[in-house]
Amino acid sequence: MTKYLPQPYCSRLWRAIIEFDMIASGDHILVGLSGGKDSAFLTYALSCLRHISPRPFELAAVNLDPGFTADCDTAPLADFCRSLDVPFYTIQADIAGAIAANDGKDPCYTCSVIRRGAINTFAAEHGFNKVAYAHHHDDAVETFLMSVLCSGQLTTFLPVTHLERSGITVIRPLIYFREDELISAKACHGLQPLPSPCPHNGRTRRQDIKELLYSLQSLDKNVYSHLAAAMRQGHSVLWPAAPDRTVLGERHRAFWRK
């Protein structure tokens, strides 16, 4: 395979990598490769950048079998990685069993926790100091909106997160890519995205948020950009944190004390 990454894609990647200091010389980076359009592009893109980066780094990919189906055919992914000269690994985690044991409550959260834990543990045990995930800009904005509406928090995932317990640093190099760009980017890497084995695919809270955001944009085309701006520090004017009952009681007594 001829490894070529169009300049607009390169620029977007370098912007994220440089702005958030994602890559250092000597890094051993493990990509979470599910086989979807996003992780396929990330694997391909980093394999291209590896050859031109002024900071040399090693790259490998791992696929996690969540146990949703009896057989998990990773041969296409293995062939894809072989063509890129990227070592490929497979691991298993009984995510399906964990979701069933939890009576299907918030399956996305259960899956996310177990998946991240398994990949981060594998990375730490095999000498990788960084794990790269293929979350893009739409994912960040949707997570931000979901956090506001579903948990009352102004939060989303960060481009770079260092995990103290494992010593692993999580990076997200696609943070400046929109999802529709990654759909068209298949022309670069040539891998036909694998269908998601998740039985909850398309019927999740995240999908509801995605559809809500789409409907809001039909009312105001600036909704997405406004949410993206609100994710940045320095763009919020918020009430003070609510005091606990003890402090509030003391304030009441002090106010009415003669």
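A salt bridge is defined here as a side-chain nitrogen of Lys or Arg within 4 Å of a carboxyl oxygen of Asp or Glu. By this rule the count comes to 12 salt bridges. The model is predicted: local features need pLDDT of at least 70, side-chain atom pairs count only at pLDDT 80 or more, and totals for chains, interfaces and linings use all residues. Residues are numbered from 1 along each chain as its sequence is written, and side-chain values use heavy atoms, with hydrogens and water left out.

The protein chain holds 11 helices and 6 strands. Helices (H or I, at least four residues) and strands (E, at least two) are DSSP runs, numbered from the N terminus. Along the principal axes, the C-alpha atoms fill a box of roughly 80 × 45 × 40 Å. The accessible surface comes to about 14900 Å², of which 55% belongs to carbon and sulfur atoms. Accessible areas come from the Shrake-Rupley method with a 1.4 Å probe; for residues, only the protein chains shown count as cover. Of the 258 residues, 40% count as buried. Buried means under 20% relative accessible area, exposed over 50%, and partly exposed in between (1.4 Å probe, protein chains only). Contact means heavy atoms within 4.5 Å. Among contacts between residues at least 6 apart in sequence, 76% join residues at least 24 apart.

The interior was examined next. A nonpolar core is a set of buried Ala, Val, Leu, Ile, Met, Phe, Trp, Tyr and Cys residues joined through side-chain atoms within 4.5 Å. The largest such core has 40 residues, of which L5, F41 and L174 touch the most other members. Two or more residues each are given to this core by helix 1 (7-19), strand 1 (27-32), helix 2 (37-49), strand 2 and helix 3. Helix 2 provides the largest share, 8 residues. Not counting residues up to four places away in sequence, L5 touches C10, L13, F41, Y44, A45, C48 and L49. A second, separate core of 17 residues includes I91, I95, F122 and F128.

E19 pairs with R232, with the closest N and O atoms 3.3 Å apart. E19 lies in helix 1 and R232 in the loop between helix 10 (223-230) and helix 11 (245-256), so the pair ties together parts that are 213 residues apart in sequence. E19 is partly exposed, at 38% relative accessibility. R232 is also partly exposed, with a relative accessible area of 38%. R55 and D21 form another salt bridge, at 3.1 Å from N to O. R55 is in the loop between helix 2 and strand 2, and D21 in the loop between helix 1 and strand 1, 34 residues apart. R55 counts as partly exposed, at 38% relative accessibility. In the salt bridge of K130 with D27, the closest N and O atoms are 2.7 Å apart. K130 belongs to strand 4 (residues 130-132) and D27 to strand 1, 103 residues apart. Both K130 and D27 are buried.

A network of salt bridges links K37, D38, E142, E179, R206 and K210. E142 is buried, at 3% relative accessibility. Leaving aside neighbours within four places in sequence, E142 is in contact with R206, I209, K210 and L213. The C-alpha atoms of E142 and I209 are separated by 6.5 Å, although the two residues are 67 apart along the chain.

Helix 10 has V223, Y224, L227 and A228 buried. Seen down the helix axis, its buried residues fall within an arc of 135 degrees, so they line one face of helix 10. The arc is that of the directions from the helix axis to the C-beta atoms. Cover for these buried residues includes helix 6 (137-151) and helix 9.

L212 lies in helix 9 (residues 205-219). L212 is partly exposed, with a relative accessible area of 31%.

T74 sits in the loop between strand 2 (57-65) and helix 3 (75-84). T74 counts as buried, at 18% relative accessibility. Beyond its neighbours within four places in sequence, T74 is in contact with N63, F88 and T90.
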